[in-house]
Amino acid sequence: MGGPGRRRIVVSATAAEAAETAAGLIARLLAAAAAARGRARLALAGGRTPEACYRLLAEEPHRGRIPWEALEVFWGDERCVPPEAPESNYRMAAQALLDRVPIPPGGVHRMRGELPPEAAAREYEEGLRRAFPGSGGPPRLDLLLLGLGPDAHTASLFPGTAALRERERWVAAARVEPLGWRLTLTPPMLNAAREVLFLVAGADKAEAVRAVLEGSRDPDRYPGQLVEPPDGRVTWLLDGPAASRLAATTAKG
Ligand code: 6PG
């Protein structure tokens, strides 16, 4: 899990407080990226947990601190469904955030879940190559948001699946029983990020959080352990219940 200096754990009492802490940190990191490199490239997580945080980003005080004109938005993963489907990660982010803020045209890079999975994965990887010209290896996102499932999956890297072992491609199509087909960034792409934020809330995640952060090393069983960017920092933003099985003392959010 990388060196201690490259990982920090911040625990807030409630999911709402964790969402607020996350929104503040995201705003700061995006502003710093834009100041340093003229652009801020962000990959969004899907699922339910980040929605409250996305809503906060569209509202003051965070809204005014984010350089929307410099922002490019990507996804860490997507369900293979049309964008208007209730399960779509794009749909959730659009309703909570993207439709409410002034991101320039072309700044939102949606994974096209409505395509055949392999074609969608190939198309997204080509899109990354265009968005990050000159990247020899996996391009470096400024900020990657991730969640964690109760089975310790992250993005759509699920235990025991082939995408966990992908070391060349940047985007993979994964058939995940019984959920269906998913698109996911692969470990090389996740680990090229400069900053990674896991936002995890709820007692149902406590064992997965413990296993990933303090359990024996077994990334095939606990895919969250794969996220260890050699040149990046990983921040875990947890609520009390999700952190409840951690032994280590942690900073307060
Ligand atoms: C997805 C997400 C996935 C999510 C976890 C946690 O497409 O579902 O990208 O990796 O982060 O499954 O989901 P919840 O936040 O809904 O618990």
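Reply: Let's start with a term: a charge sits over a ring if NZ of Lys or CZ of Arg is within 6 Å of the ring centre and within 35 degrees of the ring normal. R41 lies over the face of F132, at 4.0 Å from the ring centre.

Some ground rules before going on. This is a predicted model, where local features need pLDDT of at least 70 and side-chain atom pairs count only at pLDDT 80 or more, while totals for chains, interfaces and linings use all residues. Residues are numbered from 1 along each chain as its sequence is written, and side-chain values use heavy atoms, with hydrogens and water left out.

Now the rings themselves. A pair of aromatic rings is described by the distance of the centres and the angle of the planes. Rings of Phe, Tyr and Trp (for Trp, the six-membered ring) pair if their centres lie within 6.5 Å; planes under 30 degrees apart count as stacked, over 60 as edge-to-face, and the rest as tilted. The structure holds 3 aromatic pairs.

Among them are W75 and Y90: their ring centres are 5.6 Å apart and their planes sit at 55 degrees, so this pair is tilted. W75 belongs to strand β3 (residues 71-75) and Y90 to helix α3 (residues 89-96), so the pair ties together parts that are 15 residues apart in sequence. Helices (H or I, at least four residues) and strands (E, at least two) are DSSP runs, numbered from the N terminus. How covered are the partners? W75, at 0% relative accessibility, is buried, whereas Y90 is partly exposed at 22%. Here buried means under 20% relative accessible area, exposed over 50%, and partly exposed in between (1.4 Å probe, protein chains only).

Another pair is F198 with W236, whose ring centres are 3.9 Å apart with planes at 5 degrees, so the pair is stacked. This one links distant parts of the chain: F198 is in strand β8 (residues 195-200) and W236 in strand β9 (residues 233-239), 38 residues apart. F198 is buried, at 0% relative accessibility, and W236 is buried at 0% too.

In β8, 6 of its 6 residues are buried. E195, L197 and L199 point one way from the strand, while V196, F198 and V200 point the other way. Two strands pair if DSSP finds at least two bridges between them. β8 and β9 run parallel, joined by 6 bridges, and F198 stands opposite W236. Strand β5 (residues 143-146) also runs parallel to β8, with 3 bridges joining them. There, L145 stands opposite L197.

So, back to the rings: the W75 and Y90 pair is tilted, and the F198 and W236 pair is stacked.
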